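Hi everyone, thanks for coming.

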Amino acid sequence: MHRKVISAAVFAAVALITLAPQALATDVLDVGYVDQAAIGSLAPFAAAQQQLAQFRDQTARQFQAASAGKSNAEKQRIFNDFNQKLAAKQHELFDPLLGRAQTAIAYVAAGKNLSIVVDKQIVIYGGQDITKDVLDTLAQPAVVAPVNTPPPSLIGYVDQTQINGLPKVKAANDAFMATRARLGQELNKQIAGKSQAEQARIVQQFNDQLKDEQKKTVQPLIDQTEKAIADVARRDKLILVIDQVDRVYGGTDVTADVVNALK
Amino acid sequence: MRSSNPLACARRCVSALVAIAALGGCAQHGNVPLPFGRATDRVGYVDLERVVEVHPLHSQLDVMQAQIMLLSGQAQNAPPPQTPAQAAALDKMQADLAAVQRNFEDEMNRRRAYYEQREAASVAALQAQFSGTSAPLGQRYGEQAQRLQQDALKAFGDYQKQLYDADAAHLRDLSRGLQREVAGKLEARRSQLEKQETDYQITLAKQSQTQRLNLKAKLEDLNLSADERAQATSQLQNIETREEAMVNALKSKDNADLRAYEDRLQRDAAARFNAARTTAMTQTSQKLQARQKAANETLRTQLSGIGSEYQKQLANVNKKLEDNPASRGQMAKIHDENQSQYAADFSKAFAAYQTTRKQLVVKYSTAAGMQFQDNVELETEAQAIAGQRRDLYGKILEDVQSHISDVARDAGVAIVFTQVRGSGSAVDLTDQVEKALAAMPSPTSTPSSAPPPGSKA
């Protein structure tokens with residue numbers, strides 16, 4: 001009996017190797033990825049995009065008509081109204097679709113017991129592509145939210161916008177942007193009427209100056225942030241940490257720890 | 001690593017079994033990318049930007065980027081016109097260039113529509129052939145749909161006419177009835193007034209009867225002097241004149257009253273007629289709307305029915321066409337022919353378009369005595385280079401991906417990320433991939449040796 005069990009196990013292993021060697025090499029982790037661009041090109045998204053474009057055109061015409069002959073302050077107020085209307089419309093059109101897509105991703109991920117789903121763009125090798133399953137799920141009339149939450153993930157994510165909100169990071173970014181704007185204006189003045197070779201030299205000079213400035217003002221903070229993220233990852237025994245914008249579902253949020261470490 | 005994940009435990013068990021199988025040498029696993037002793041649940045990452053920079057073709061990306069920047073800079077930093085004449089020439093040139101562009105785009109849209117229609121017609125003919133019908137499926141559907149629409153339109157038109165006729169008849173009868181009523185009332189009032197006038201005349205005659213008789217008797221007296229006779233005659237005449245005037249005054253008053261009464265009657269009749277007409281129009285409009293809604297609903301159902309049937313037939317025919325190698329080839333041929341003819345037309349027209357633009361720039365530059373530039377041309381060139389750059393980047397990325405896959409397999413890494421914010425236990429494969437890419441042979445010739453498109457050198 002015991003021998004039978006061992007034979008069965010060995011047979012199962014041999015069968016696995018023979019039937020799906022590639023799958024073993026690539027799918028052993030509970031990490032999935034999805035092509036968000038493919039979801040974004042589905043008919044409901046395209047229709048919503050079209051509606052938004054129409055609304056934008058219509059509102060832009062209204063904005064132009066309303067701001068004609070107005071003071072700059074009035075124009076700014078009208079422009080802010082215009083942007084708010086546009087943002088509200090965008091939410092109105094896309095939130096239900098995004099919510100549905102998110103539910104479909106969660107449903108598929110839960111079915112495959114994935115601990116994290118990331119955007120396809122950041123995976124160059126391996127991982128489970130769940131795009132087709134998500135698209136198939138979205139094609140169903142109703143998408144049901146999964147009952148289980150994602151399992152704990154060894155992959156963390158961090159929200160850069162919260163890091164950018166730290167006073168010292170904000171000050172460094174603002175200083176760099178101001179310098180970049182100043183150098184950009186100088187570049188435009190210098191490049192006017194110059195030969196192509198001179199223009200190329202000036203552009204190169206501009207890029208070098210920009211790099212130096214970045215090294216001086218922003219790079220120290222980038223290094224500090226990287227170190228803080230790596231420290232948190234090691235402390236929490238995470239495999240790695242990605243940016244929140246690349247995370248689609250699941251994962252472990254380490255933003256608070258990183259922000260605390262940077263304070 | 002956290003070990004609480006049951007799936008991870010199961011995976012490790014499978015890995016162990018795989019290792020047992022590999023030791024026993026009892027499976028054909030020559031292709032299994034699992035060197036003995038290496039785990040397969042490792043995660044790797046690469047700095048994609050860094051590894052792309054190592055690719056032998058990367059320098060070309062930089063060159064192309066520089067060209068794009070130069071063209072953009074050239075477009076943004078054109079010398080402004082110095083005199084009003086130069087400014088006018090520039091405006092005119094830009095207007096002409098815009099017109100040329102519109103013409104070109106319109107012409108290309110026309111050509112594209114022509115080839116699309118031609119291709120659609122050829123495909124439809126092929127579909128008809130495979131569906132066993134004489135007319136293309138789309139045409140049949142179109143004819144059926146058109147017939148249904150026409151029938152619905154005719155039925156609606158008939159119903160509309162019927163309602164309008166009924167309304168017209170009803171209003172005509174009403175109008176006649178009202179006129180009869182007005183005439184009757186008017187006639188009654190007239191008779192009444194005439195009787196009153198006659199009565200009044202009689203009353204007056206009675207009142208003056210004695211005086212008139214006396215005067216007449218007096219006039220019969222032959223002894224009456226001429227003066228007395230004239231006086232009596234005059235008095236008699238006065239009586240008659242006075243009575244006549246009084247009767248005439250009454251008649252005038254009655255006539256005015258009658259006219260006012262008639263006006264009132266006509267106004268009243270007109271108001272009643274208008275009210276009836278409005279009611280009839282409202283009711284008819286409601287009936288028509290209801291009928292139109294019902295007709296549209298019916299038509300939609302009918303069209304949807306034949307549309308579904310058409311789609312089904314079309315799908316069947318398309319499947320037959322797709323399954324049949326000969327027809328598949330024919331379809332591809334039709335598409336390729338139309339595509340290549342459109343491409344040829346486009347190339348020819350585009351060359352002519354570009355020539356025209358250049359000629360316009362030369363013409364206006366000469367007229368203005370300064371060198372103008374064609375920003376659209378610069379933009380087109382920049383876009384063309386950007387396209388080439390995208391293609392090249394895609395090719396580089398393919399190579400990079402292939403090398404990353406090799407390195408990951410060798411290192412027993414199951415998944416590789418390209419954008420990470422920080423690493424815990426993940427393996428940085430960047431150096432290994434860089435080395436692998438650096439070992440690639442250098443390209444023999446590079447596009448960077450060619451002058452940049454659009455350069456005037």
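**Chain B, then a helix pair in chain A**

In chain B, 81% of the contacts with a separation of 6 or more are between residues 24 or more positions apart; a contact means that the C-beta atoms, placed from the backbone, lie within 7 Å. Before I go on: this is a predicted model, where local features need pLDDT of at least 70 and side-chain atom pairs count only at pLDDT 80 or more, while totals for chains, interfaces and linings use all residues. Residues are numbered from 1 along each chain as its sequence is written, with chains lettered from A and ligands numbered from 1 in the order in which they are written.

Chain B has 10 helices and 4 strands, taken as DSSP runs (H or I, at least four residues, for helices; E, at least two, for strands) numbered from the N terminus. Of its 457 residues, 13% count as buried, that is, with 20 or more other C-beta atoms within 10 Å of their own.

Now look at H9(B), residues 375-411. Its buried residues include B:Ile396, B:Val400 and B:His403. Just after H9(B), B:Gly412 has a positive phi of about 65°.

Over to chain A, where H5 (residues 72-111) and H6 (residues 131-139) pack at about 125°, their axes 9 Å apart. Axes here are lines fitted to C-alpha atoms over the stretch in contact, and angles run from 0 to 180 degrees between N-to-C directions. Among the residues making the contact are A:Ala104 and A:Val108 of H5(A), and A:Val134 and A:Leu138 of H6(A).

Methods:
Contact = placed C-beta atoms within 7 Å. Expected span 1.5 Å × (residues − 1). Buried ≥ 20, exposed ≤ 12 C-beta atoms within 10 Å, placed from the backbone.
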